[in-house]
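This briefing goes through selected local features of one protein chain, grouped by topic. Please keep the sequence and the structure open while reading.

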Amino acid sequence: APAAAAGAATALRAPTMLAPVVTPDSPEPAGPAPAARDRARESRGADPEQVLATYRWRFHHETLRELVEDPDELRAIRDRLTEKVEAATDNASRARLLSLRAVVSRILGDLGKALADGRLALGHAEATGQLRRIAIAQARLAHVHQWRGDFAEADRLFEEANSSELPDRLRATMHEHAGRSCYDQGRYIEACNHFERALDLRKVKDPDLMARTELALDAVFARVAEKGWGPYPRGRDEILQVHRPPVPTFSDEVQRWGYADPDGTLTVAPSYADAQPFRDGVAWVRRPEADTWELIDESGELLVDASAGYLGVGSFADGLAWVSRDGTGGWIAIDKANEVVIAAGFDDVRPFRRGVAAVRRGGWGAVDRTGRVVVPTRYAAFVTALTDGRYVDGFTDEGLAIVEADGRKGVVDRTGRTIVPPAHPALVIHPVAFLVAGGNGRWGALDRRGDPLIDPVHASRGDVMDEIDRLLADTKPVL
């Protein structure tokens with residue numbers, strides 16, 4: 001431990017270091033201070049998750065990375081996490097514990113161990129299908145990549161994790177860490193944008209966040225004075241490394257549609273009377289002499305020809321597309337090889353989203369990718385309202401949907417389980433609750449089990465969201 005502390009003391013003078021910063025009590029400490037030793041002993045017996053949840057981190061004024069007075073204390077926490085990992089058998093617990101152990105290993109400078117744990121944790125999180133669990137695992141893994149200097153992957157994971165369906169305080173923390181990644185890269189405008197967004201999202205006063213942001217901005221402005229503002233901020237698609245497919249392009253010369261790459265160069269000759277955008281690597285096109293659609297890939301190669309007889313086609317998603325031979329009903333699902341995957345015809349359909357699609361046969365319900373009915377087709381509507389103002393046809397990324405019966409709204413999940421019976425005049429999905437309106441137009445909230453959380457006495461949805469923020473004021477995700 002003394003050698004590690006001495007080495008880290010030297011690193012204090014290296015702002016770009018990828019190891020943790022350790023502040024010794026003296027230039028050549030003989031060992032941890034008594035108070036630190038006491039905390040280390042306590043950590044060995046306490047629940048490591050509770051210790052981390054209440055840990056008071058300090059940050060270096062130049063590197064913006066965690067300061068660790070006593071690495072032995074964190075090693076004791078990591079040992080306790082290891083004991084819990086070995087006893088955990090479900091994906092949710094292993095995702096949580098492994099990703100927390102990755103956090104501790106990162107701060108200790110064991111970046112190889114942190115990376116292995118972070119990747120394994122994300123695999124377990126994805127197996128749960130739970131949006132928040134996946135997002136936290138992604139953010140913790142992103143932080144490891146940042147410390148390793150793998151900035152492209154770090155930024156991609158931070159951006160992917162930061163869904164608008166997450167609680168604002170979690171999103172604020174993710175923006176804060178994404179800003180630090182940009183700071184490490186010399187992207188100072190982009191870093192400031194993230195820090196500003198973090199403050200905007202934290203509607204409840206957060207002295208800790210404000211202090212960290214002030215420290216970060218001081219560091220940014222010191223760097224800017226020396227090096228300038230750095231590159232212009234990137235867009236979401238650039239950060240996510242999204243492939244940009246050819247786009248439909250009309251030729252005035254031949255009066256036909258083709259496709260051009262993002263630079264405007266034609267990649268598929270203009271020979272179509274109609275052309276849809278590429279989705280999932282393929283696009284539907286229609287030739288002048290045909291009433292039916294055919295499917296091409298991005299090079300223009302024909303995958304499904306017009307003789308398949310589809311008058312109605314939907315974009316591919318999750319490898320499947322809905323098609324209809326009369327264009328008005330009898331919708332079936334095919335793959336890109338024109339193999340029928342779901343043969344049961346539906347009156348109306350919506351694209352697949354995370355393995356589930358809303359369908360109508362008499363009433364609205366939902367099917368999975370095998371055609372199994374997961375939500376019975378008995379609802380009048382299947383449109384999901386979110387607190388950020390968006391409406392989703394069917395299920396959210398989190399796997400929830402608002403359904404309507406007899407003019408009343410409720411909530412089902414992607415397994416078909418009814419969480420909130422359709423009994424409310426209005427309902428909106430909040431990241432940690434359900435906002436509901438009573439018959440008198442007043443708003444309240446239910447928790448994620450569908451139980452009462454806030455009485456319907458508020459004049460607006462915004463008032464209820466503010467009340468939820470106050471109820472959650474003490475929650476701080478450890479990333």
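In this predicted model, Arg106 lies over the face of Trp147, at 4.8 Å from the ring centre.

**Aromatic pairs**

- The count of aromatic pairs comes to ten, with ring centres within 6.5 Å as the criterion.
- One of them joins Trp322 and Phe346, with 5.8 Å from centre to centre and 90 degrees between the planes.
- This pair counts as edge-to-face because its angle of 90 degrees is over 60.
- The Trp322 and Phe346 pair links distant parts of the chain, 24 residues apart.
- Trp322 belongs to strand 12 (residues 321-324), and Phe346 belongs to strand 14 (residues 340-346).
- Trp322 has a relative accessible area of 3% and is therefore buried, the cut-off being under 20%.
- Phe346 is buried as well, with a relative accessible area of 2%.
- Elsewhere, Trp284, Tyr310 and Phe316 are linked into a cluster by ring pairs.

**Helix packing**

- Helix 8 (residues 151-161) packs against helix 9 (residues 168-185), with the axes 10 Å apart and at an angle of about 160 degrees.
- Helix 8 is therefore roughly antiparallel to helix 9, since angles over 145 degrees count as such.
- The crossing of helix 8 and helix 9 is left-handed.

**A buried proline**

- Pro246 is placed in the loop between helix 12 (236-239) and strand 4 (247-251).
- The relative accessibility of Pro246 is 9%, so this residue counts as buried.
- Between Pro246 and Pro277 there are 8.1 Å in space, C-alpha to C-alpha, although the two are 31 residues apart in sequence.

- An open sheet is formed by four strands in the order 15-16-17-18, with antiparallel pairing.
- The edges of this sheet are strand 15 (348-349) and strand 18 (373-379).
- Each edge strand has a single partner strand, so one side of each is left without a neighbour in the sheet.
- Three bridges join strand 17 (residues 363-368) to strand 18 in the antiparallel sense.
- Ala366 has Val375 in strand 18 as its bridge partner.

- Strand 21 (residues 400-405) pairs with strand 22 (residues 408-413) in the antiparallel sense, over six bridges.
- The hairpin of strand 21 and strand 22 has two residues between the strands.
- Asp406, in the turn of that hairpin, has a positive phi of about 55 degrees.
- Strand 22 also pairs with strand 23 (residues 418-424), in the antiparallel sense and over three bridges.
- Four residues lie between strand 22 and strand 23 in their hairpin, where Gly416 takes a positive phi near 95 degrees.
- Which residues stand opposite Lys409 of strand 22, and which is its bridge partner in strand 23? Glu404 stands opposite Lys409, and His424 is the bridge partner of Lys409 in strand 23.

Terms used
Residues are numbered from 1 along each chain as its sequence is written. This is a predicted model: local features need pLDDT of at least 70, side-chain atom pairs count only at pLDDT 80 or more; totals for chains, interfaces and linings use all residues. Side-chain values use heavy atoms; hydrogens and water are left out. Two strands pair if DSSP finds at least two bridges between them. Rings of Phe, Tyr and Trp (its six-membered ring) pair if their centres lie within 6.5 Å; planes under 30 degrees apart count as stacked, over 60 as edge-to-face and the rest as tilted. Buried means under 20% relative accessible area, exposed over 50%, partly exposed in between (1.4 Å probe, protein chains only). A charge sits over a ring if NZ of Lys or CZ of Arg is within 6 Å of the ring centre and within 35 degrees of the ring normal. Axes are lines fitted to C-alpha atoms, for helices over the stretch in contact, and angles run from 0 to 180 degrees between N-to-C directions. Angles under 35 degrees count as roughly parallel, over 145 as roughly antiparallel, 65 to 115 as roughly perpendicular and the rest as oblique. A crossing is left-handed if the near helix is turned anticlockwise from the far one by less than a right angle, and right-handed if clockwise.
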